[in-house]
Amino acid sequence: MPVQLKTLLPLFALFILIFLIARHFLIPESFGKYGHYRADSMDEIAVLPIHYAGKSVCIECHDTEAEMLESDQHAGLSCEICHGPNAKHADDYDVKEFLVKDGSRIFCGRCHAVNAARKLENVIQVDVVEHHPEKENCTDCHNPHAVWEIKE
């Protein structure tokens, strides 16, 4: 047996042993139980507080907006995509802490900025820097619940 192999073989065996010991202590027991993830994470996530109410809860009180939205390009979206998580508002209507109404170019541009990876037939794309440079917010002209209705 070559001298180099006599030196490298014990080092390689030591490396494998250290790896197996580290793996034993670092990988949780529930890993791999239901596939390639940690099974205990489902229970941990289930006890987290709920922040989203869902579109159906919003429609119960905001029927006018829901009616406008139903005939619009944004019809398939949940209200909370733009307005933020509203479970607290749904429980107590005086709570308005999550009601985001950001109509800025940056906010609307998250979905509508020109992006070659998006299909044009799914999302209308606008060059948010060049399009209407005199306006700061998209919602100055466009009603997000009925985008094709231009405000006066």
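Start by selecting Ala 146, which lies in strand 2 (residues 146-150); helices (H or I, at least four residues) and strands (E, at least two) are DSSP runs, numbered from the N terminus. This is a predicted model, where local features need pLDDT of at least 70 and side-chain atom pairs count only at pLDDT 80 or more, while totals for chains, interfaces and linings use all residues. Residues are numbered from 1 along each chain as its sequence is written, and side-chain values use heavy atoms, with hydrogens and water left out.

Is Ala 146 buried or exposed? Ala 146 counts as buried because its relative accessibility is 7%, and buried means under 20% relative accessible area, exposed over 50%, partly exposed in between (1.4 Å probe, protein chains only). Now show what touches it: setting aside neighbours within four places in sequence, Ala 146 is in contact (heavy atoms within 4.5 Å) with Met 68 and Asp 72. Draw a C-alpha to C-alpha distance to Asn 122 as well: Ala 146 is 24 residues from it in sequence and 17 Å from it in space.

Next stop, Ser 104, in the loop between helix 6 (87-91) and helix 7 (105-112). Ser 104 is buried too, at 14% relative accessibility. A polar atom of its side chain sits 3.2 Å from the backbone nitrogen of Phe 107. Beyond its neighbours within four places in sequence, Ser 104 is in contact with Glu 136, Asn 137 and Cys 138.

Stay here and pick helix 7, whose buried residues are Arg 105, Phe 107 and Gly 109. What do they pack against? Helix 5 (80-83).

Now jump to the other end and select Pro 2, in the segment before helix 1. Pro 2 is partly exposed, as its relative accessible area is 47%.

Finally, zoom out. There are seven helices and two strands, running α-α-α-α-α-α-α-β-β from the N terminus on. The C-alpha atoms fill a box of roughly 90 × 40 × 25 Å along the principal axes. Of the 152 residues, 18% count as buried. As for contacts with a separation of 6 or more, 45% come from residues 24 or more positions apart.

Methods
Polar contact = N/O pair within 3.5 Å; in protein donor to acceptor, adjacent residues only side chain to side chain.
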